[in-house]
Amino acid sequence: MRSDGTILARGQSDAQDCLLSADEPLAGLHLRCGGQLPGPIAVPELMELVRKARRYGFRLARAVSAHDGGEVVTAWVEAEPRDGGQGCEIRIRNWRSAPQPAEDSTASEARRAATDRHLAELTARLDAGQRILAVETESAELRELAAAMENGIGRLWTDFLPPENVTHHQPLHWRLLDGSRVIVPASSRPFQVRLLPAMQPGFDPAGFELLLLSDVPAPTAAASVGGAALPSNRRGLVGQELAPVLRQPIARIIANAETIRTRMAGPLPDAYAGYASEISSAGQLLLDLLDDLSDLEVVESRDFQTAPDQIDLGEVSRQAAGILNVRAREKSIALIAPEPGETLPAIAEFRRVLQVLLNLIGNAIRYSPEGSQIWIRLEGEGANARVIVADEGPGISPEQQARVFDKFERLGRVGDGGSGLGLFISRRLARAMGGDLTVESEPGRGARFILTVPADPDAP
């Protein structure tokens, strides 16, 4: 251990690891980190060092880092226990401070959007004019609202969620509506909306993701009692019973972990921010697995059907690309979607096609190298309409192609966070819409996943 050098400051702690006294600059750091004199040690790494020294009964020394809100401080600290375990003498032998680096605004906004997605109780896809394209919710309280919005596809979202204290004619510019409080019929809880634009450089937003959030937790639904018979089309345990119960608390865990990780709640050493990041990532994996298991129960139920409609595969492809464009840019991957105005009419369910494309594009981003390209192409062929997602990844061997759509098949990809259900569910959805999902690939030459659905026979 290091013991040479001038002592810059001293401090005293007690048996409860409270800082009783301290010289500057230790006292100032302790106060800026939210502590009081006397009071519990407010610097987490210093608290850990002092606690271990007191418990083990011998002197410990190491570098301690802290964020005091404006600067990053690094100090060499010795903690030496006093006789009888009554506290420690703290000595500071080195002290360095540097301005805290400014956080990239794009990364900060991406993290905020990810947190809001976790907490959203209702999600809607909007076109460039803020008209409703699709709606999803797991909340029993918002089910009637979601049904009304689904019946009103093509109308402005503000027809169903009127903003509070807004008297201007709709639609307002999306930036004026982002974050606004809205009135939710049949609910006494306060709600606000976030509008996440699907941006392409040089263009106006191609569409929006609407998130409905509330700071007040949803009321707990009362469990049914009395031994009443369950409906014959009851879904499995995860989709109907566990998913709605688990999703919100897991989302709260992720949101709180992100608050800690991004230091929104106050200064924090890098090590503890790293722990919070791991908690957030683990929570996200749980949510993704929960979603996959819920979808699995849906597509495997005997009465599962899709709701086909006249859709434009070009529009759906651009929506999917816009949603995942930020993730692609994080890996410096160019996501090339169909050009505005490029259309391909089809008969399929918009929400399910979007779900399949998000899975295909997300997989392509996950397994493609940095600096590569991903293409989303449209092809019409007689009675079929196809969307092709092609990447420059490692490719898939013929043996793997035979198994890639199997349930829980991950092709030996350990630790990537996938459940092995995405492609299985996507193929089931494609076939339920009267189409198919196939793959063409060679090792080392990327992969082409092809979603086929019926073409619209009435399209010009």
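**Figure 1. Lining of the largest cavity in the predicted model.** The largest cavity is lined by Leu26, Leu29, Val43, Leu46, Val64, Ser65, Ala66, Val73, Ala75, Val77, Ile92 and Trp95, as seen in a model that is predicted. Its volume comes to about 70 Å³, and the structure holds one cavity of 30 Å³ or more. At least two lining residues are supplied by each of four elements, namely helix α1 (26–32) and the strands β4 (60–67), β5 (71–81) and β6 (88–99).

**Figure 2. Helix α8 along its length.** Helix α8 runs over residues 313–330 and therefore comprises 18 residues, with a reach of 26 Å from the first C-alpha to the last, which is close to the 26 Å expected at 1.5 Å a residue. At leucine 324 the helix α8 bends by about 50°. Most of α8 is covered, in that 13 of its 18 residues are buried.

**Figure 3. The two ends of helix α8.** At the start of α8, aspartate 312 places a side-chain oxygen within 3.0 Å of the backbone nitrogen of glycine 314. Beyond the other end, α8 is followed by serine 332, a residue whose phi is positive, near 55°.

Figure 4. Glutamine 319 has its place in helix α8, and because its relative accessible area is 3%, under the 20% cut-off, glutamine 319 counts as buried. When neighbours within four places in sequence are left aside, the residues in contact with glutamine 319 are Leu126, Asp127, Leu133, Ala206, Gly207, Phe350 and Leu354.

**Figure 5. Glycine 152 in the loop between α4 and α5.** The loop that holds glycine 152 lies between α4 (143–151) and α5 (174–177). Glycine 152 has a relative accessibility of 4% and so counts as buried, the cut-off being under 20%. Apart from neighbours within four places in sequence, glycine 152 is in contact with Ile132 and Phe160. Leucine 133 is also shown in this view: it stands 19 residues from glycine 152 in sequence, and the C-alpha atoms of leucine 133 and glycine 152 are 9.1 Å apart in space.

Technical notes. Residues numbered from 1 in each chain as written. Predicted model: local features only at pLDDT ≥ 70, side-chain atom pairs only at ≥ 80, totals over all residues. Heavy atoms only, no water. Bend = angle between axes of the 7 residues up to and from the residue. Buried < 20%, exposed > 50% of the residue type's maximum accessible area, 1.4 Å probe, protein only. Polar contact = N/O pair within 3.5 Å; in protein donor to acceptor, adjacent residues only side chain to side chain. Contact = heavy atoms within 4.5 Å. 1 Å grid on protein atoms, 1.4 Å probe; cavity = no way out; pocket = protein on both sides within 12 Å on 5 of 7 lines; lining within 4 Å. Points joined across faces, edges and corners; volume = space filled by probe spheres on them.
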